[in-house]
Amino acid sequence: RVERGLELYTILVATMERGALPGMDSDQQQSLHQLCHILLGMLKASSGMGDAERHAHVLEVAPYFRANAWRIRQLFQLTQGNALEASSYGRRVDLLKLQQGAELIGASGVEVVELCSAIRVGELLSLRSALEAVRGGAQRYPGWRALLALGESEYAALQMDWAGALAHAERGLELAAGQHLCCGMLAAARVRALCGLGRVAEALAEAQAYTAMIARDHQQPALELAAAFGAALSAAGRHAEAFAQLEAAAGQAAH
């Protein structure tokens, strides 16, 4: 529920900027203020929101948070498909970490954004490289296992292995249990795999069910699912409905 998280962190930042929080001294409040900017910046950058730069700018003037500022910029460039720019920013992060003699505050999330970026671009070699990084993280972080299944499903789909893509997507959905950030992307992978296998009626039913579930649970809408839904409608010969579905998704993406 990224939108709700953004809303709450934004309210907390605004509250701190209006005055002191009860029970906190100035140093504690300043640390909390900077941490909120890290979280807001990373959430927005990983969602491709240009407003992430505002949070990076706040952090850049704080000596111990400059590396976090450039990590946010790196994440944003990855979502835009600017791999060279992102790599340059990543090297700057590494240099600042050495100068500070400390790790970044909070998890980096670079591997996850690299995986999602490679999936959206649809480039086989980039996806394979990102999968290796996420595979290592999945051994340490259980929450990454659903992401790994997503990447493996998309990797199989790029090779037209629709049965393999479906198996990985279904495993990911079981791991996600309807409460994971990548639920929408996993649902989209399953719908596309069903279409690839010629099971169009089933794909349509699943697309409708997943779309309703995401709306019911107030999760962040997945544009990938909207696109897969549109493709399933088109495969069923319902081209006008497919066009309307994609037009609505495009309008949503523009905001």
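## Salt bridges around Arg190

A salt bridge is a side-chain nitrogen of Lys or Arg within 4 Å of a carboxyl oxygen of Asp or Glu. In this predicted model, the side chains of Glu206 and Arg190 meet in such a bridge, at 3.3 Å from N to O. Because Glu206 belongs to helix H11 (residues 200-216) and Arg190 to helix H10, the pair ties together parts that are 16 residues apart in sequence.

Arg190 also forms a salt bridge with Glu170, at 2.8 Å from N to O, and this pair links distant parts of the chain, since Arg190 is in helix H10 (residues 183-196) and Glu170 in helix H9 (residues 162-176), 20 residues apart. Arg190 counts as buried at 10% relative accessibility, whereas Glu170 is partly exposed at 29% and Glu206 is partly exposed at 22%.

## Other salt bridges

Across the whole structure, a search finds 12 salt bridges. One of them joins the side chains of Arg199 and Glu202, at 3.0 Å from N to O; Arg199 is partly exposed, with 34% relative accessibility, and Glu202 is partly exposed as well, with 30%. Salt bridges with shared partners also connect Glu132, Arg135, Glu152 and Arg171 in one network.

## Packing of helices H7 and H8

Helix H7 (residues 124-138) packs with helix H8 (residues 145-158) at an angle of about 155°, and their axes are 9 Å apart. Because angles over 145 degrees count as roughly antiparallel, H7 is described as roughly antiparallel to H8, and H7 passes H8 in a left-handed crossing.

Residues that meet in this contact include Leu127, Leu131 and Arg135 in H7 and Leu148, Glu152 and Tyr155 in H8. By class, the contact has 9 nonpolar, 1 polar and 5 charged residues.

How values were computed. Residues numbered from 1 in each chain as written. Predicted model: local features only at pLDDT ≥ 70, side-chain atom pairs only at ≥ 80, totals over all residues. Heavy atoms only, no water. Axes fitted to C-alpha atoms, helices over the stretch in contact; angles between N-to-C directions. Helix = DSSP H or I, 4+ residues; strand = E, 2+ residues; numbered from the N terminus. Parallel < 35°, antiparallel > 145°, perpendicular 65-115°, else oblique. Left-handed = near helix turned anticlockwise from the far one by under 90°. Contact = heavy atoms within 4.5 Å. Nonpolar A, V, L, I, M, F, W, Y, C, P; charged D, E, K, R; others polar. Buried < 20%, exposed > 50% of the residue type's maximum accessible area, 1.4 Å probe, protein only.
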